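This report is for a reader new to the structure shown below. It starts with the ligand and then turns to the chain around it.

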Amino acid sequence: MPGVKIVYPWQREVLWDLCLRFIFNRRFGWRKAANLLAGMLQSITLPERAFARPAKLIVEPANRCNLSCFLCPTGRKLSGRGQDQLDMETFRMALTPLAPYLYEVYLYNWGEPLLNPRLFEMISHCSAENIRTVVSTNLTLFKPAMLDPLFSSGLDELIVSLDGASEESYSQYRQGGISGQFCVILSQ
Ligand code: SF4
C-alpha cells in the first residue's frame with residue numbers, strides 16, 4: 001500500500017523566523033516557546049497526528065470594507081460571503097483554548113479591521129494573554145480619538161496599506177475614498 005505523507009502548514013523557514021522573532025520579543029513565554037519548538041520538530045518528523053498547538057492565528061475582525069479596490073473581492077462585494085463583523089464573544093471562545101500556546105495573532109484578513117468597534121478590545125485581550133498582535137489597515141477610518149485606545153491596547157505592529165505612491169496612483173486603485181486621502185494618511 002502506498003504511504004501517505006501528511007503536509008502541514010508548518011514550513012521550516014517560517015518556524016525559524018518565528019523562533020528568532022519570538023526570542024527577541026517582549027511576549028516571550030516558556031509554554032509558547034515549547035510549542036514553537038514542538039512545531040519545528042513536527043515539521044521535520046511529519047508525524048501522522050499533529051502534536052503541536054497552533055502558534056499563530058489569523059482573525060478577521062470584519063469581512064467588509066469602506067473602500068472598493070479593483071482587485072479586492074471584499075471591497076467589490078464579489079466574495080460570495082455575507083458581510084459582517086466578528087463579535088467579542090466568538091473571538092474570546094476561539095482564542096481562549098489556544099491562548100497559552102499562541103505566539104502571534106493577525107487581526108486582519110479580508111476587510112478593514114477598523115470597521116469593528118471592538119478591535120482595540122480584541123487587541124487588549126491578546127495583550128493580556130501575552131500574545132503579539134499585528135493589524136493591517138487602510139487607515140481611512142482612523143480618527144485622532146483612536147490614538148489613546150490604540151496605544152493602550154498594546155498593539156505590537158501596525159501595517160498601513162497604501163497601494164499608491166502619489167495621490168493619483170493611490171486614488172486609481174483605492175476606489176471609494178475621499179479626495180486628498182493619500183496626504184491625510186501620510187500625515188498621520
Ligand atoms: S482597502 Fe483592502 S479590504 Fe478594502 S477594498 Fe481595498 S484591498 Fe479590499
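## The ligand and its surroundings

The ligand is surrounded by Cys 65, Leu 67, Ser 68, Cys 69, Cys 72, Thr 74, Gly 75, Gly 111, Glu 112 and Asn 138. By type, this shell divides into 4 nonpolar residues, 5 polar ones and 1 charged one. The model is predicted.

## Overall layout

The chain holds 7 helices and 4 strands. Read from the N terminus, the order of elements is α-α-β-α-β-α-β-α-β-α-α.

The chain has 188 residues, and 23% of them are buried. Among contacts between residues at least 6 apart in sequence, 68% join residues at least 24 apart.

## The sheet

An open sheet is formed by 4 strands in the order β1-β2-β3-β4, with parallel pairing. The edges are taken by β1 and β4 (157-160); each has a single partner strand, so one side of each is left without a neighbour in the sheet. On average, and with direction ignored, neighbouring strands of this sheet are turned by 15° against each other. In general, strands of a sheet pair through backbone hydrogen bonds, either parallel or antiparallel.

The pairing of β3 with β4 is parallel and runs over 4 bridges. Val 134 stands opposite Glu 157 of β4.

## Leu 57 in strand β1

Leu 57 belongs to strand β1, residues 56-58. Is Leu 57 buried or partly exposed? A residue needs 20 or more other C-beta atoms within 10 Å to count as buried. Leu 57 has 18 other C-beta atoms within 10 Å, so Leu 57 is partly exposed.

Apart from its neighbours within four places in sequence, Leu 57 is in contact with Leu 98, Leu 102 and Val 105. Between the C-alpha atoms of Leu 57 and Leu 107 the separation is 8.5 Å, although these residues are 50 residues apart along the chain.

The largest nonpolar core has 19 residues, of which Leu 102, Leu 107, Leu 119, Met 122 and Ile 123 touch the most other members. Helix α4 (residues 119-128) supplies the largest share of this core, 5 residues. When neighbours within four places in sequence are left aside, Leu 107 is in contact with Val 59, Pro 61, Pro 113, Leu 119, Met 122, Ile 123, Thr 133, Val 134 and Val 135.

Which residues of α4 are buried? They are Leu 119, Phe 120, Met 122, Ile 123, His 125 and Cys 126. An α-helix has 3.6 residues a turn, so residues three or four places apart point the same way. The buried residues of α4 pack against α3 (88-95), β2 (104-106), β3 (132-137) and α5 (147-153).

## Residues with positive phi

Most residues other than glycine have a negative phi. Leu 46, in the loop between α2 (30-45) and β1, has a positive phi near 45°. Leu 46 is exposed, because 12 other C-beta atoms lie within 10 Å.

Lys 77 is found in the loop between β1 and α3, and its phi is also positive, near 55°. Lys 77 counts as partly exposed because it has 13 C-beta neighbours inside 10 Å. Just after α4, Asn 130 takes a positive phi of about 65°.

Note on methods: Residues numbered from 1 in each chain as written. Predicted model: local features only at pLDDT ≥ 70, side-chain atom pairs only at ≥ 80, totals over all residues. Core = buried A, V, L, I, M, F, W, Y, C linked by C-beta atoms within 7 Å. Helix = DSSP H or I, 4+ residues; strand = E, 2+ residues; numbered from the N terminus. Contact = placed C-beta atoms within 7 Å. Near = placed C-beta within 6 Å. Nonpolar A, V, L, I, M, F, W, Y, C, P; charged D, E, K, R; others polar. Pairing = 2+ DSSP bridges. Axes fitted to C-alpha atoms, helices over the stretch in contact; angles between N-to-C directions.
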